[in-house]
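Hi,

Here is the structure I promised to pass on. Have a look first, and my notes follow below.

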Amino acid sequence: MNPNDFEDFPDYLTALAVELDRYADVPDEVLEHIVRRDGSCVWLYSTRSAPKWTGDDLSDRELAAVICAGCTAKLACLELELRTAGPFTLGVWGALSEDDRRALFAIWCARRAGRNGGEQR
């Protein structure tokens, strides 16, 4: 799923929240294991294979696009960050910048509250 496939960014965030529903019942420990095992960012920095930057300053969104492109743990990473940091999120997680995750967080919370009969997890 790519933000460019949507007419506007809020539609993308809504679709992303729907996609994250499949992780609703996955325990935090399992999500963390997936991210540590398969996350592109973890692999890059644990192997000291960080990509060569062009020297240009990249925004968080641009940096996430470079590092997270093709990452198989992107959704697990995003789910884990929404659960653990919520609206107080910092940095780049799940290929989204802080502002983008804060916007997603409200949508994600509403979906989880509806799924759980009004109670958030």
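Before going on, two housekeeping points. This is a predicted model, where local features need pLDDT of at least 70 and side-chain atom pairs count only at pLDDT 80 or more, while totals for chains, interfaces and linings use all residues. Residues are numbered from 1 along each chain as its sequence is written, and side-chain values use heavy atoms, with hydrogens and water left out.

Back to Glu 79. It counts as buried because its relative accessibility is 0% (buried is under 20% relative accessible area, exposed over 50%, partly exposed in between, with a 1.4 Å probe and protein chains only). Leaving aside residues up to four places away in sequence, Glu 79 touches Leu 20, Tyr 23, Ala 24, Leu 31, Trp 108 and Arg 112 (contact means heavy atoms within 4.5 Å).

Glu 79 also belongs to a network of salt bridges, together with Asp 21, Asp 28, Arg 83, Arg 111 and Arg 112 (a salt bridge puts a side-chain nitrogen of Lys or Arg within 4 Å of a carboxyl oxygen of Asp or Glu). The whole structure has ten salt bridges. One of them joins Arg 112 to Asp 21, with the closest N and O atoms 4.0 Å apart. That pair links distant parts of the chain, 91 residues apart: Arg 112 is in helix α6 and Asp 21 in the loop between α1 (9-20) and α2 (28-38). Both Arg 112 and Asp 21 are buried.

Other salt bridges sit within a helix. Arg 36 pairs with Glu 32, at 3.0 Å between the closest N and O atoms; the two are about one helical turn apart because they are four residues apart in helix α2. Arg 36 is exposed at 57% relative accessibility, and Glu 32 is partly exposed at 36%.

Cheers
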